[in-house]
Amino acid sequence: MSDAVQKRAVLSPSVISERLVGRNIELLEFSGNAKTPSLFRCLVTTCGYEWRAASNSITRGAGCPNCSGKRKQTHEDVVRKLGDRPIELVTYAGRMLGKSTFKCKLETCGHIWESTADNVTRGKGPLIVTGK
């Protein structure tokens, strides 16, 4: 089979699994074609994250979004990243770079503001809350 024909081979569960050997990724559910998201699991012991992605992107080298730090962050993830800081996540935009609403939990403050969750979890915010 020529290289051109081999590159255009139809992706099937067996072809995908063969291409994932040694990559710590397992195909759990095949969507039926290369562009519709299929379900994958990371086999790294400390991870085990499951996600949907186009099979062709995974077979071409994309990896686990959790291990790479590219996983979509949830409301709970943002709250966990805030830790014990006196900041409450009031509304979450659903993405780290979207505008979310925060509130200072200090009794003497109560300031409410909008910012990206990315900025706030990295320590940026109003002077009144951060003290910077």
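**Close-up views of a predicted model**

**View 1. Six helices and six strands make up the secondary structure of the protein chain.** The model is predicted. Along the sequence, the elements of the protein chain come in the pattern α-α-β-β-β-α-α-β-β-β-α-α. The protein chain has 132 residues, and 31% of them count as buried. Its accessible surface is about 8600 Å², with 51% belonging to carbon and sulfur atoms. When contacts between residues at least 6 apart in sequence are taken, 18% of them join residues at least 24 apart.

View 2. C104 is in no disulfide, and the cysteine sulfur nearest to its own, that of C109, is 3.6 Å away. Seen from the other residue, the sulfur of C109 has its closest cysteine sulfur in C104, and the 3.6 Å between them is too far for a bond, because a disulfide requires the two sulfur atoms to be within 2.5 Å. C104 has 1% relative accessibility and so counts as buried. C109, at 25% relative accessibility, counts as partly exposed.

View 3. The relative accessibility of S55 is 0%, so S55 counts as buried.

Notes
Residues numbered from 1 in each chain as written. Predicted model: local features only at pLDDT ≥ 70, side-chain atom pairs only at ≥ 80, totals over all residues. Heavy atoms only, no water. Buried < 20%, exposed > 50% of the residue type's maximum accessible area, 1.4 Å probe, protein only. Helix = DSSP H or I, 4+ residues; strand = E, 2+ residues; numbered from the N terminus. Contact = heavy atoms within 4.5 Å. Areas by Shrake-Rupley, 256 points an atom, 1.4 Å probe, with all protein chains shown as cover.
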